[in-house]
Amino acid sequence: MTVHHALLSRIEDSTDDKWIHILPAGRFRASHGDPRPKKPKEGWLLEAEHAAELIAQFEALNRDLVIDYEHQTYKGSAAPAAGWITKLEWREGSGLWGQVKWTERARALIKADEYRYLSPVFIAHETTGVVERLFNAGLTNNPALDRLEPVAAEQQTEEVESMDKLLASLGLKPGTTEEEALAHVGQAKLAACAALGLNAETATLTDATAKMVALSTQATNPDPTKYVALSVMQSAQQELQGQVAALTQELGDLKTADSKAKVVQLVAEGQKAGKLTKAQETWALELGGSNLTALESYLKTTPANPALGGQQQTGSDGVPSDADSSSVALTAVHKDAAKQLGLSEEAYAKNLNVKGDQ
């Protein structure tokens, strides 16, 4: 993930939402001697078709994109919003524009010329330079000197790749929403229950397993009193064994899909509640994949942090706080989770307390 910085439009009317230029059209690079991107050498690329994908992603989120101060969202401190990007549109020959609803404080700072520039945070393809995803933006006065974003960007890229791999294991495309993933799992359950002759609304995995056992017994231990001809019996047995094998695979896929979907849902709820940071997402997904009980115990015992859950906090004067989170004391559940993951308690604690330099 890389960062591009665009000039912030001055706000003339304090009551109207304003459109600001977020990303330019065509090839572009960082300004003021900043060498980014190193790859590709031609620079980043944004054209109409790429912008259409960014707009589709934004609309699928069904929420506004935050504009913070100095990219504090990625620095482990309180990150109050300066404004919200409520709409995106492509303007041919100009680039990607966003309609912004500013907070009263940000509007005053911009009018006073205390903040002048916007620094969007986005992912670009390493080979083609095509902008693939827009995350948020930050108000700043030193866009070309911002050296913290590439570090945060590397973590964000790994998290996105991890989620895409999980979606791929469910047979879904990258960028699939949580609702779409759960709907896919539900359809797989309907198909498996239909094959087993079970009611999808009331059937449990225990019911499916019992039906599988019955079919397996029927296939491997045919009743000799009902024998008609060896060829007929062998044909029937092969058919039943084929059905059992297919149903066993479907049941296994269903269990795996249910488990993975639950992990994805737990992680999403943990982030929303402020119990997990974005940088902890990969760790939480891996923990849930190997030990779902440990992930559930961690989320149950970890206190919610409104600053991480999207509820902005400010100091008494409304200015964003620069204080880092304090160290986290490990509970017995945390220590047990660390032991099951093969991590030292110190390494596990670092995952719980994400510092501003990560």
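**Exercise 1. Overall composition**

What percentage of the 358 residues of the protein chain count as buried? Describe the chain as a whole.

*Solution.* The model under study is predicted. Step 1: 39% of the 358 residues of the protein chain count as buried. Step 2: the secondary structure comprises 10 helices and 10 strands. Step 3: the accessible surface of the chain amounts to about 19,200 Å², and carbon and sulfur atoms contribute 52% of that area. Step 4: among contacts in the chain with a separation of 6 or more, 65% involve residues 24 or more positions apart.

**Exercise 2. Strand E8 and its partners**

Determine how strand E8 is placed and with which strands it pairs.

*Solution.* Step 1: strand E8 covers residues 95-102, and six of its eight residues are buried, so the strand is largely enclosed by the rest of the structure. Step 2: E8 pairs with strand E3 (residues 18-24) in the antiparallel sense, over six bridges. Within this pairing, Val100 in E8 stands opposite Lys18. Step 3: E8 also pairs with strand E7 (residues 83-91), again in the antiparallel sense, over eight bridges. Here Ile85 has Val100 of E8 as its bridge partner.

**Exercise 3. The nonpolar cores**

Identify which residues touch the most other members of the largest nonpolar core, and trace the surroundings of Ile67.

*Solution.* Step 1: the largest nonpolar core has 31 residues, of which Ile67, Leu96 and Leu139 touch the most other members. Step 2: with neighbours within four places in sequence set aside, the contacts of Ile67 include Ile20, Ile85, Val100, Trp102, Leu118 and Leu139.

**Exercise 4. Charged pairs**

How many salt bridges does a search of the whole structure find?

*Solution.* Step 1: the search finds six salt bridges. Side chains of opposite charge can pair when their charged atoms come close.

Step 1: Lys39 and Glu126 form a salt bridge through their side chains, with an N to O distance of 3.9 Å; the cut-off is 4 Å. Lys39 is in the loop between strands E4 (26-28) and E5 (44-46), whereas Glu126 is in the loop between E9 and strand E10 (131-140), so the pair ties together parts 87 residues apart in sequence. Both Lys39 and Glu126 are exposed.

Step 2: Lys262 and Glu296 form another salt bridge, their closest N and O atoms being 3.2 Å apart. Lys262 belongs to helix H6 (residues 230-272) and Glu296 to helix H8 (residues 292-301), so this pair ties together parts 34 residues apart in sequence. Lys262 is partly exposed, at a relative accessible area of 39%, and Glu296 is likewise partly exposed, at 30%.

Step 3: Asp113 and Arg116 meet in a salt bridge at 2.7 Å, N to O. Asp113 is found in the loop between helix H2 (104-111) and strand E9 (117-124). The relative accessible area is 34% for Asp113, which is partly exposed, and 38% for Arg116, which is also partly exposed.

Definitions and conventions: Residues are numbered from 1 along each chain as its sequence is written. This is a predicted model: local features need pLDDT of at least 70, side-chain atom pairs count only at pLDDT 80 or more; totals for chains, interfaces and linings use all residues. Side-chain values use heavy atoms; hydrogens and water are left out. Helices (H or I, at least four residues) and strands (E, at least two) are DSSP runs, numbered from the N terminus. Buried means under 20% relative accessible area, exposed over 50%, partly exposed in between (1.4 Å probe, protein chains only). A nonpolar core is a set of buried Ala, Val, Leu, Ile, Met, Phe, Trp, Tyr and Cys residues joined through side-chain atoms within 4.5 Å. Contact means heavy atoms within 4.5 Å. Accessible areas come from the Shrake-Rupley method with a 1.4 Å probe; for residues, only the protein chains shown count as cover. Two strands pair if DSSP finds at least two bridges between them.
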